[in-house]
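Hi,

Here is the structure I said I would pass on. Have a look at it first, and my notes follow below.

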Amino acid sequence: MTWNPTTGCNKISAGCKYCYAEVMTRRLEAMGIEKYKDGFKVRTHEDALNVPYLWKKPKVVFVNSMSDLFHPDVPFEFIEKVFKVMNDTPQHTYQVLTKRADRLYELHHPLNWTKNIWMGVSVENEKVLDRIDFLRETNAMVKFLSCEPLIGPLRNMNLQNINWIIVGGESGRKARPMKEQWVWDIQQQCAAADVAFFFKQWGGVNKKKTGRELGGRTYDEMPVAKEVAAPMY
Ligand code: SF4
């Protein structure tokens, strides 16, 4: 399940190169969908705030698949409103992912970090390792790294206070390759630091064909598996 109280973004690092949100936004804009009439400009959507209250069953929710909640153009007051909705609906598990880890750190203190909010940062290569340090210092109760698309090695990460790592290769016609050694290296760091490891996919031109096995098995570990429904990954 995805929930998009904000839409729009702009590229900030190498992981953004083939941004899925931008491609989808252009399509929805061309189709005349009202929510995307301003294209990929950052917009907040007050009317989307009531949506989680209407879901009858508990859901695992990816927040802002079409944007970045901590983008500088999203006012703090709106981020507070999004958190209020998440705080009011503890039956749902929310996964919030950002590449603006510095702004996350700057704003995290007054936000109410209920345990149903899992906060993640994207870490696609070693140039953005500082995002982990910002995340580590926040009050989020579940902290995760999304290493997807993994486009370089991530050696010797400091995984203190990190609960979960998702790894995935880029998919699509121009997908940048992911080396098997990079994935094993992260898996071993997770095992050594007691961090849950989830291997999502190899990716590539035909991601169905390349699948999601690593060394003949799948890795589907979750940080607090008993408290969540099936993962969306
Ligand atoms: S931060 Fe995310 S949504 Fe924004 S441009 Fe990069 S990949 Fe796209």
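Leaving aside neighbours within four places in sequence, which residues is Phe83 in contact with? Before the reply, a word on the source: this is a predicted model, where local features need pLDDT of at least 70, side-chain atom pairs count only at pLDDT 80 or more, and totals for chains, interfaces and linings use all residues. Residues are numbered from 1 along each chain as its sequence is written, and side-chain values use heavy atoms, with hydrogens and water left out.

So, Phe83: its contacts (heavy atoms within 4.5 Å) beyond those neighbours are Leu69, Phe70, Leu111, Asn112, Trp113 and Ile117. Phe83 sits in helix 3, residues 76-88. Helices here are DSSP runs of H or I with at least four residues, strands are E runs of at least two, and both are numbered from the N terminus. Phe83 counts as buried because its relative accessibility is 1%; the cut-offs are under 20% relative accessible area for buried, over 50% for exposed and partly exposed in between, with a 1.4 Å probe and protein chains only. Its C-alpha atom is 10.0 Å from that of Tyr94, 11 residues away along the chain.

Glu80 is in helix 3 too, but at 37% relative accessible area it is partly exposed. Between the C-alpha atoms of Glu80 and Arg43, 37 residues apart along the chain, the separation is 15 Å.

An α-helix has 3.6 residues a turn, so residues three or four places apart point the same way. After helix 1 comes Gly32, with a positive phi near 80 degrees.

Zooming out, the protein chain has 7 helices and 9 strands. Its radius of gyration is 17 Å, close to the 17 Å that the globule rule gives for 233 residues, so the chain is as compact as a globular protein of that length. That radius is taken over C-alpha atoms, and the rule is 2.2 Å times the number of residues to the power 0.38. Buried residues make up 52% of the 233. Of the contacts between residues at least 6 apart in sequence, 70% join residues at least 24 apart.

Cheers
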